[in-house]
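Here is a short report on one protein model. Look at the sequence and the structure first, then read on.

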Amino acid sequence: MNIVNLGNTGLKVSPLALGCMTYGVPNRGKHPWTLDEDASRPLIKAALELGINFFDTANSYSDGTSEEIVGRALRDYARRDEIVIATKVYFPLRTAPNVGGLSRKAIFAEIDNSLRRLGTDYVDLYQIHRWDYATPIEETLEALHDVVKAGKALHIGASSMHAWQFAKALATSERHGWTRFVSMQNHLNLINREEEREMLPLCRDAGIAVLPWSPLARGRLTRDWDQSTARTDTDDYGKSLYQPHTEACDRQIVDAVAKVAAYRGVPRAQVALAWVMQSPGVTAPLVGASRTEHLTDAVAALALELTDEEIEQLQAPYIPHAVVGFT
């Protein structure tokens with residue numbers, strides 16, 4: 001597996017990141033479909049064996065138990081200096097004043113909580129999970145800068161926001177000489193391409209690493225449209241990402257993925273993921289894995305080069321979608 005730099009940094013990452021929202025104590029938080037520790041550990045180990053060195057989680061996943069499970073597995077199966085651990089801050093784990101958000105108080109508390117759960121002295125990438133409208137961006141950025149200077153994070157990143165907000169954050173950091181965001185974790189797949197309009201060009205111009213989440217559209221691109229899974233049936237947030245008014249075109253895209261996959265003789269997941277990987281500026285999509293074949297398909301997609309004709313076939317049915325996933 002070819003290793004790539006994370007944007008304009010010297011940090012070396014695999015061109016796939018393992019998204020670890022799948023791993024956590026079931027029914028903790030809003031994810032009843034998560035895998036417990038015994039089921040999670042073999043998948044984390046398999047990812048390492050396949051050459052993935054980049055692991056992404058968040059303080060809010062399964063009430064923090066995702067960080068705990070991932071941290072223990074990585075301590076047992078990997079050397080800390082060879083792997084890249086990313087986590088996030090923003091969503092509260094409980095309802096109380098000063099819990100959650102991106103205030104200085106919240107960031108200082110949550111980085112320590114994340115490090116304790118992960119069992120590490122530092123994270124390689126500390127990301128704001130969303131934009132905090134209730135906190136001045138200057139307060140957030142200076143706090144993140146201080147976290148880096150304290151040695152608790154090596155780099156900082158952002159996730160799912162408007163391009164004008166990200167541009168404002170980058171400019172604010174540069175004006176004050178604070179640590180700059182090096183990555184953008186955003187929503188990009190064949191049935192949601194709105195990031196192509198503003199965010200992806202901004203990231204390419206600024207040398208920002210792009211780490212797409214939900215590259216398979218919560219699995220919708222890997223199966224017939226009318227099929228569902230236990231996660232599909234219980235994932236309320238996932239349901240909010242794909243709207244009824246675009247269903248006709250989304251179905252056509254799913255059918256196009258099936259046709260290209262059948263012609264190539266590969267699983268649909270490989271085709272859909274290969275499209276994301278070939279999108280200009282993409283560094284490392286986040287792939288979730290609840291079965292080993294999810295990992296092997298993802299790695300195989302790295303070698304699947306789609307033709308211009310196939311890309312046109314996959315993209316042709318697309319129509320503009322509502323902006324979703326920023327809250």
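## The largest cavity

The largest cavity holds about 60 Å³ of space. A search of the whole structure finds two cavities of 30 Å³ or more. On a 1 Å grid over the protein atoms alone, a cavity is a set of points where a 1.4 Å probe fits but cannot get out; a pocket is an open set with protein on both sides within 12 Å along at least five of seven lines; lining residues have an atom within 4 Å of a point. Points are joined across faces, edges and corners, and a volume is the space filled by probe spheres set on the points.

Which residues line the largest cavity? They are His187, Asn192, Glu194, Glu195, Ala322, Val323, Val324 and Phe326. Four are nonpolar, two polar and two charged. Here Ala, Val, Leu, Ile, Met, Phe, Trp, Tyr, Cys and Pro count as nonpolar, Asp, Glu, Lys and Arg as charged, and the others, Gly among them, as polar.

## About the model

This is a predicted model: local features need pLDDT of at least 70, side-chain atom pairs count only at pLDDT 80 or more, and totals for chains, interfaces and linings use all residues. Residues are numbered from 1 along each chain as its sequence is written, and side-chain values use heavy atoms, with hydrogens and water left out.

## The second largest pocket

The second largest pocket has a volume of about 240 Å³. It is lined by 14 residues, and the closest to its centre are Val4, Pro15, Met277, Thr283 and Leu302. Strand β1 (4-5) and helix α10 each supply at least two lining residues. Helices (H or I, at least four residues) and strands (E, at least two) are DSSP runs, numbered from the N terminus. The lining of this pocket has nine nonpolar residues, four polar and one charged.

## The sheet

Strands of a sheet pair through backbone hydrogen bonds, either parallel or antiparallel. Here eight strands form an open sheet in the order β9-β8-β7-β6-β5-β4-β3-β10, with parallel pairing. Two strands pair if DSSP finds at least two bridges between them. The edge strands, β9 (209-210) and β10 (286-287), each pair on one side only.

Strand β8 (residues 181-185) pairs with β9 over two bridges. Met184 has Val210 in β9 as its bridge partner.

## A salt bridge

The whole structure has 20 salt bridges. Each is a side-chain nitrogen of Lys or Arg within 4 Å of a carboxyl oxygen of Asp or Glu. One joins Arg268 and Asp224, at 2.8 Å from N to O. Arg268 is in helix α10 (residues 268-277), while Asp224 is in the loop between β9 and α7 (230-234), 44 residues apart.
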